[in-house]
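Take it step by step, in plain terms.

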Amino acid sequence: MEKLEIILEDFRKDMLNKLVFEELKISSLEAKSSHFFDKNSGDDIEFYQVKSLKEILSPSGTGNVFLNQVEIGCSINNVLIIFSFDKDVGDITFNFSERDLLGGEGTEIKLKAKKIVATLLVLKDKYDIPKIRIGFEPASDDDSCLLVICQESIDLESAVERILR
């Protein structure tokens with residue numbers, strides 16, 4: 001079983017709290033495990049202790065949270081989200097089992113993929129995300145990347161077909 005990844009590249013750090021807490025509505029109740037490093041106290045902390053992702057990842061930093069589920073157009077179970085930020089921008093990687101997207105009947109799979117891509121397109125416009133990559137782990141590698149959503153417009157149907165090949 002392979003892992004799929006969705007990478008929001010060069011995401012603006014000043015929009016991070018809004019995306020995570022307001023848009024995706026990620027709560028500490030969904031967290032199975034997590035790890036962040038608080039530079040001010042010098043302590044490792046858990047997601048439930050994080051008041052501001054922007055602050056905890058400043059001036060640069062990484063952290064992760066493993067969630068029971070997250071809603072990105074449809075519910076995806078057992079998702080590891082990795083935050084990796086420098087001064088102003090960074091990557092947010094959603095890592096999950098291919099079974100959560102590619103499991104089920106053909107029409108069900110296509111509908112899930114369509115909902116995910118449509119949601120990502122909305123997020124891309126709303127948060128001015130320069131590039132979103134979808135593919136098998138590591139989706140950052142061109143050989144395992146199935147779809148790259150950049151600034152040019154994208155046809156939803158052809159995007160879904162590229163993921164489901």
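Read from the N terminus, the elements of the protein chain follow the order β-α-β-β-α-β-β-β-α-α-β-β-α. That amounts to five helices and eight strands. The model is a predicted one.

The overall dimensions come next. Taken along the principal axes, the box filled by the C-alpha atoms is roughly 50 × 30 × 30 Å.

Two percentages describe the packing of the chain. Of the 165 residues in the protein chain, 42% are buried. Among contacts with a separation of 6 or more, 57% are between residues 24 or more positions apart.

How many aromatic pairs does the structure hold? There are four aromatic pairs. One of them joins Phe 36 and Phe 47, a tilted pair with 6.3 Å from centre to centre and 35° between the planes. Phe 36 belongs to strand S2 (residues 31–38), while Phe 47 sits in the loop between strand S3 (43–45) and helix H2 (53–56), so this pair ties together parts that are eleven residues apart in sequence. Phe 36 counts as buried because its relative accessibility is 0%, and buried means under 20%. Phe 47 is also buried, with a relative accessible area of 4%.

Phe 36 takes part in another pair, with Phe 83. The pair of Phe 36 and Phe 83 is tilted too, at 6.1 Å centre to centre and 35° between the planes. Here the partner of strand S2 is strand S5 (residues 75–85), which holds Phe 83, so the pair ties together parts that are 47 residues apart in sequence. With a relative accessibility of 1%, Phe 83 counts as buried. Ring pairs join Phe 36, Phe 47 and Phe 83 with Phe 21 in a cluster.

A search of the whole structure turns up one cavity of 30 Å³ or more. The volume of the largest cavity is about 60 Å³. Which residues line the largest cavity? They are Leu 4, Ile 6, Phe 96, Leu 101, Ala 113, Ile 116, Val 117, Ile 134 and Ile 163. Strand S1 (3–12) and helix H4 (106–127) are the elements that give two or more residues to this lining. Helix H4 provides the largest share, three residues. By class, the lining of the largest cavity has nine nonpolar residues, no polar residues and no charged residues.

The largest pocket has a volume of about 190 Å³. Its lining consists of Asp 38, Lys 39, Asn 40, Ile 45, Gln 49, Val 50, Lys 51, Ser 52, Glu 55, Ile 56 and Ser 58. Sorted by class, the lining of the largest pocket has three nonpolar, four polar and four charged residues. The lining of the largest cavity, by contrast, has no polar and no charged residues.

Technical notes. Residues are numbered from 1 along each chain as its sequence is written. This is a predicted model: local features need pLDDT of at least 70, side-chain atom pairs count only at pLDDT 80 or more; totals for chains, interfaces and linings use all residues. Side-chain values use heavy atoms; hydrogens and water are left out. On a 1 Å grid over the protein atoms alone, a cavity is a set of points where a 1.4 Å probe fits but cannot get out, and a pocket is an open set with protein on both sides within 12 Å along at least five of seven lines; lining residues have an atom within 4 Å of a point. Grid points are joined across faces, edges and corners, and a volume is the space filled by probe spheres set on the points. Helices (H or I, at least four residues) and strands (E, at least two) are DSSP runs, numbered from the N terminus. Ala, Val, Leu, Ile, Met, Phe, Trp, Tyr, Cys and Pro count as nonpolar, Asp, Glu, Lys and Arg as charged, and the others, Gly among them, as polar. Rings of Phe, Tyr and Trp (its six-membered ring) pair if their centres lie within 6.5 Å; planes under 30 degrees apart count as stacked, over 60 as edge-to-face and the rest as tilted. Buried means under 20% relative accessible area, exposed over 50%, partly exposed in between (1.4 Å probe, protein chains only). Contact means heavy atoms within 4.5 Å.
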